[in-house]
Amino acid sequence: MPRSAPYSTRFPSLVKQTLFHRLPDEQQAIIESIAGEYRFTHQDLRQICEIALDLHLWEEPDIEQVWPDPSSSPRTGKALRQALIQQVVQYWEDAKSRPNCYPLNGPQERISAAAKPVEKLKGKLGLGYCPVASPKTLCCNLMTLDAVDNCGFGCTYCSIQSFYDGKEISFDQDFANKLAQLEIDPDKTYHIGTGQSSDSLMWGNSHGVLDALLDFARRYPNVILELKTKSANISHLLKSELPRNILCTWSLNTETIINNEEHGTASLEKRLAAARAIADKGGIVGFHFHPMVHYEQWEADYQQVIKAVTTKFKPEEVALVSLGTLTFIKPVIRDIRERGISTKILKMPLLDAEGKLSYPDDIKIALFSHAWNCFPESWRQQVFFYLCMEHQRFWEPVFGFNYKDNQAFETAMKKAYLQKISVTST
Ligand code: SF4
């Protein structure tokens, strides 16, 4: 469309590929009016719509209230437009640097990410390496087995939903057969997790997935098979003979974060009760504090969760505690805004962190150190603690120890897990 056309005629094409369509009607009207007055470019509209949507989700004053009074500026034309937009950007940046504030019971609106289970015939077994590991972070070289593709929970920060198209949860109809035929080196120790492409337990034994995994663990005692979950769906495990080399691990968070950002998942109480039932059956459990979120009352809330964990479990029953935080890649941030869900998860300073976006170092060290310090000495001695997806520079300030490289980290982790497995089995 020619630039000579009236702005109101050009506006619909200028807002294409912006988040304009995600805004409530009244905010769309305000932005259209401001854009017409100041002749916003496509780039301006992208930025202002993104900020308007964020402010709306964060329950901050909306764009109309934040838009500055132009009469206080001596500028005119393009310079005035840029100065006003800059003031809005500054307001948004300031809002991001203030800790988040959540209602304890969560928002009215609940979402579930994906809900349509389908059976498909996949080409080959999805066995690979942790998809979020990076050469820039100290990593445990976890292997991953994609037993199910996509997750049915609605965690707002999750990247799994961005890896898969649509709302389909797909089960490979030949998964059990493929896993039964998998040959691995019996002299090597493997650490394999199934919680990277989906939640490991939310589907129970649907499509025979858990039976296939339990058989695989029985056939290969040299495999440490980790089932990671935010569910309490352990009924199939409770009625099965549980091989010692199965680690059942729960991602934990505070009630506030579970209620506000982990839609559809089991409550903290239910997750801990499920873990307790597995430990009572003689299974080895573990806990992932990931992602730790920085918000008002985070210190007291995480302390309370850790107190619940250390009261309900003995360190001998627990193989691992991992600590991690929010780390985003740009496509996931775009997806979160596009989904139009009620979330404040992006209300945080998003700084470059080893090529991804995360909290500044001082906040990460505060989060992780606080968690570490909340655990009693007996836990720090007997449980394997690690940072997940973090640069090596955080280990020393948080734990007072470090691994020289991924190989040393992997070796120490496997040694600690095997020790727990052999002790539990005696
Ligand atoms: S430390 Fe975390 S991100 Fe790195 S390989 Fe292990 S599980 Fe994956």
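Predicted model: local features only at pLDDT ≥ 70, side-chain atom pairs only at ≥ 80, totals over all residues.

Modeller: Start with a term: a salt bridge is a side-chain nitrogen of Lys or Arg within 4 Å of a carboxyl oxygen of Asp or Glu. Between domain 1 and domain 2 the count is 4 salt bridges.

Residues are numbered from 1 along each chain as its sequence is written, and side-chain values use heavy atoms, with hydrogens and water left out.

Now the two parts. Domain 1 covers 7-97 and domain 2 covers 116-425; such bounds come from an automatic or database domain assignment. Their C-alpha centres lie 39 Å apart.

Next, the touching residues. Contact (heavy atoms within 4.5 Å) links 14 residues of domain 1 with 12 residues of domain 2.

Then the area. Buried area is the accessible area (1.4 Å probe) that two parts lose on being put together, summed over both. Here it is about 1100 Å² between domain 1 and domain 2. Carbon and sulfur atoms give 51% of that. On the domain 1 side, Leu57, Trp58 and Lys96 supply 48% of the area buried against domain 2, more than any other three residues.
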